[in-house]
Amino acid sequence: MNKFDDFSDYLHQLKQQEQFRQIPNLIHQGKWILREQHTMLNMSSNDYLGLANDEILKQQFLEKYAKKLPHFSSSSSRLLTGAFPIYEQLETEMANAFNRESCLIFNSGYHANIGILPAIANKKTLIVADKLVHASLIDGIRLSEGDFVRYRHNDLEHLEYILTINQNKYDRMIIVTESIFSMDGDVADLKQLVAFKQRFGNVLLYVDEAHAIGVYGEKGLGIAEQQHCIQQIDFLVGTFGKALASMGAYVICDKVIKDYLVNKVRSFIFSTALPPFSVAWTLFLFEQLASFKARRQHLYVLSEYLRQQIRLLEKPMTSQSCIVPYIIGENKQTQKMAIALQQQGYYCLPIRPPTVPKGTSRIRLSLTADMKLKEIENFMIHLKMFDKQIRKDS
Ligand SMILES: *Cc1c(COP(=O)(O)O)cnc(C)c1O
């Protein structure tokens, strides 16, 4: 008996179930990824606008700050000595862009979601979350004292039923959803959620725009902008690590909420603030967000093409975004398909349970604005070929 036997047993089990995770060795060259000297187009990136790969933007940023570089560390929580003017500059800029009272920056989306929910939910709160919300939201809910139920994915009738039967049992209910869902690329009907909020009275609305900020809306402010309901969302959360090519997260909210969060959120209070250098880069990109419209437009064209092509293969397709699932169903075949596509030069990853529901294993394709239509057309030639092969095999 070895003292780590139970851990090795667990890993052995994972390997048997083909669910063992490993950190790959990758080298990045623009939109391409190199692994073991093999070059692949990155079709699994969250860099939706292609900003993280833009050398010109990086140079412009460095020139802007050439005379005086921002600090590379804040060395402390903002409540102690880690407060720098750049945080407030970004928060003010963002609150203004969203035309709301306040904005609060977090170290990551994970910090925001595991911090805010426990701070706002007590024993008399019911948290009602979409079945498919991100792990960070689930962890936030589990850390909170509130009761918790899930409604079927994007099923507003089910949500309405849950709100109705619980309305009088709780002081407050909090609806939690993403705006664009990370594995299906489909979009929540935020307008209808706002309507529920107004009808039931004791409901707050918490929306995570991690995959939408930068990409949707006239000014790139997300699905809330596109659906004209920025003003009605109590906690409008988003991250900087995806389309905004940086690190960190924000919540857009009323001033009283911001003050409350600063006093209550443990992941904000007890963690060293982001490096000012990193916040300056976020601000540099956020200031230009509205002007990246051509990138957004190009991304819509690519996405529409890919969704339509996969629909032609008679695959379920609820995506309305640049995240496009190609659903296979079975684990082994999904794995095989991913490897085949990688061999052809496309960095595609298999997504399996528990990340997605059983029987819906898939290749999650995500597009970025620095791709060319021709590249997606070539990709489709390979995908169609493998698709035929799978049909023959099964
Ligand atoms: C990526 C993601 C997060 C986590 O954000 P990080 O900044 O990477 O910690 C939170 N919510 C959703 C929906 C995400 O997709």
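P354 is found in the loop between β13 (350-351) and β14, where strands (E, at least two residues) and helices (H or I, at least four) are DSSP runs numbered from the N terminus. The peptide bond from P353 to P354 is cis, with omega near 10°. This is a predicted model, in which local features need pLDDT of at least 70 and side-chain atom pairs count only at pLDDT 80 or more, while totals for chains, interfaces and linings use all residues. Residues are numbered from 1 along each chain as its sequence is written, and side-chain values use heavy atoms, with hydrogens and water left out.

**Backbone geometry**

- Most residues other than glycine have a negative phi, and most peptide bonds are trans.
- E36 has a positive phi, near 45°, although E36 is not a glycine.
- The position of E36 is the loop between β2 (32-35) and β3 (38-42).

**Domains and annotation**

- The protein chain is assigned domain 1 (25-51 + 293-393) and domain 2 (59-290); such bounds come from an automatic or database domain assignment.
- A distance of 28 Å separates the C-alpha centres of domain 1 and domain 2.
- UniProt, in an unreviewed entry, lists residues 40-380 for "domain: Aminotransferase class I/classII large"; UniProt positions are given in the numbering used here, feature names are shortened, and annotations may be inferred rather than shown by experiment.
- Residues 40-380 are 40% helix and 17% strand, and the end C-alpha atoms of this span lie 15 Å apart.

**Interface of domain 1 and domain 2**

- About 1,800 Å² is buried between domain 1 and domain 2, and carbon and sulfur atoms give 54% of this area; buried area is the accessible area (1.4 Å probe) that two parts lose on being put together, summed over both.
- In domain 1, the residues that lose the most area to domain 2 are Y48, L51 and R296, together 28% of what that side buries.
- The rule finds 14 residue pairs in polar contact across the interface, both residues being at pLDDT 80 or more; a polar contact is a pair of N or O atoms within 3.5 Å, where within protein one must be able to donate a hydrogen and the other to accept it, and residues adjacent in sequence count only if both atoms are side-chain atoms.
- On the side of domain 1 that touches domain 2, α12 (293-312), β11 (323-329) and β14 (361-366) each supply at least two residues.
- With four residues, α12 gives the most to that side of domain 1.

**Salt bridges**

- The whole structure holds 17 salt bridges, each a side-chain nitrogen of Lys or Arg within 4 Å of a carboxyl oxygen of Asp or Glu.
- Two salt bridges are found across the interface of domain 1 and domain 2.
- K293 and E218 meet through their side chains in a salt bridge (2.9 Å, N to O).
- E91 and K258 form a salt bridge in which the closest N and O atoms are 2.9 Å apart.
- This pair links distant parts of the chain, 167 residues apart, with E91 in helix α3 (residues 85-98) and K258 in helix α9 (residues 255-264).
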